[in-house]
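Subject: Cavities and pockets in the attached model

Hello,

Here is the structure I promised to pass on.

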Amino acid sequence: MFSAFSATTGSAFSRLVAMLLLVVASTYSVSALAEITPNDFEGTDAERINQAIVAAAKTGEPVVVPRINHSAEGDRAVWLLDSAILVRENTYLELRNCHIKLSDRSRDNMIRSANCGMGITDIKPINNVTIIGKGFVTLEGADNPRSTGDSAKVLGERTYGTDAGVAGESQTGDWRNIGILLAYVEHFRIENLFLKNAHGWTISLERCAHGVVRDLQFAATESNLVNGKRVVFLNQDGLDLRQGCHDIDISNISGYSGDDLIALTNIVNDKQVAGSAESMMVSKPNNRGNGLDDIRNITIRNVRGHTAGGHHIVRLLNARGLKIYDVILDGLIDTSTGRNPKAAVKIGDANPVWGGVTPLGDTYHIFISNIISRARHTILIGGSLSESSISNVLKYGAAGEPITYQSGPEYVRNVSISNAQTMKISSPAP
């Protein structure tokens, strides 16, 4: 009886397992079929990716950009953008082991939140945006870009651009030179990307909150070879946080940038408007008041990189009433081997263009620890700093103290400093 029962039970169990496997296989098959890819659409590469994003907004499915682009001209291993990929609310954009590149015809971002752009003066906030790389994903600037640099740089004079001297085209850089640009986006993630030769700032966040930015590698040198000639590409920052950014976790940043690798910059310009080609911000660079545009609650961990242009690895800059506070920077290794950075970390600036040294109390609760650098100034205090802490700072390969009070000690209040030292490099044994 026991043997019969076991045989019957075993047979029933086998049938149950088989049924479960069929259900799993069916579910997987449906999911695979439901995957939305730009290869299912027609048009330019940017149009096809954007059509996939629009379709996904209706179904809730992720958009997957695969390695192989089944274009009308044939299969190729690059997606060439004439205009920006526009991410909408609830977009999950998965870049799967692919290469995305700006074309020489483009004067636009690689990726931008769809709520902002040229002529959009009223930017509506959006939520839930994910841009994630799977495998090794490259986002690259154009071979021969129409414009580079920020809005203070004239094309053909200080920075390169084929639009220099072209009638009807802006003769300065602007926000369209930014690689990835998000404005008024909450609950977002940007992960696992290799970003190469941006036309200006590589990633810029404006008034974004509750986000994660991690596992990014940058490659930019403030110049590039165009038609065999080396030309200047200015303002190639890595990651920039602008007005109103808060509650953002940044980690595992590596590589090198032409300008600052990571910058938290809060600078007011009430004359400019949103959606204008005259600004490096797509939103209005103003101060809305009541602390809305302060940069706060930011963590930065595990930075391993340098600035190829000799600028700053991490920069904190606020001016004209805007504040930066509650910032943690924990773990920075300066990887430079040639040109020394000006500073591993620079706080504030006395430049009158940005309003000069900020009043005591505008930059506070800044906690900096575990810094190793060969920069000319390891920690450079160029503005004010109060109620903060600096610890475990090692300067090597450059003369001077590990902490530089450029603006003067009168602009520093209640700042705890511990274990900050300059270490000489021992000469090799004969």
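First, the terms. On a 1 Å grid over the protein atoms alone, a cavity is a set of points where a 1.4 Å probe fits but cannot get out. A pocket is an open set with protein on both sides within 12 Å along at least five of seven lines. Lining residues have an atom within 4 Å of a point. Grid points are joined across faces, edges and corners, and a volume is the space filled by probe spheres set on the points.

Note that this is a predicted model: local features need pLDDT of at least 70, side-chain atom pairs count only at pLDDT 80 or more, and totals for chains, interfaces and linings use all residues. Residues are numbered from 1 along each chain as its sequence is written, and side-chain values use heavy atoms, with hydrogens and water left out.

Cavities

The structure holds 2 cavities of 30 Å³ or more. Helices (H or I, at least four residues) and strands (E, at least two) are DSSP runs, numbered from the N terminus. α2 gives the most, with 3 residues. By class, the lining has 5 nonpolar, 2 polar and 2 charged residues. Here Ala, Val, Leu, Ile, Met, Phe, Trp, Tyr, Cys and Pro count as nonpolar, Asp, Glu, Lys and Arg as charged, and the others, Gly among them, as polar.

The second largest cavity has a volume of about 30 Å³. Among its lining residues are Arg 107, Asp 108, Arg 146, Arg 176 and His 199. That lining divides into 1 nonpolar, 4 polar and 4 charged residues.

The largest pocket has a volume of about 810 Å³. It is lined by 34 residues, and Asp 150, Trp 201, Asn 235, Ile 267 and Trp 354 lie nearest its centre. β19 (262–266) and β21 (312–318) are the elements that give two or more residues to the lining. The largest share, 3 residues, comes from β21. The classes are 12 nonpolar, 8 polar and 14 charged.

The second largest pocket holds about 150 Å³ of space. Its lining includes Tyr 184, Glu 186, Arg 207, His 246, Arg 288 and Arg 296. By class, that lining has 5 nonpolar, 2 polar and 4 charged residues.

Best wishes
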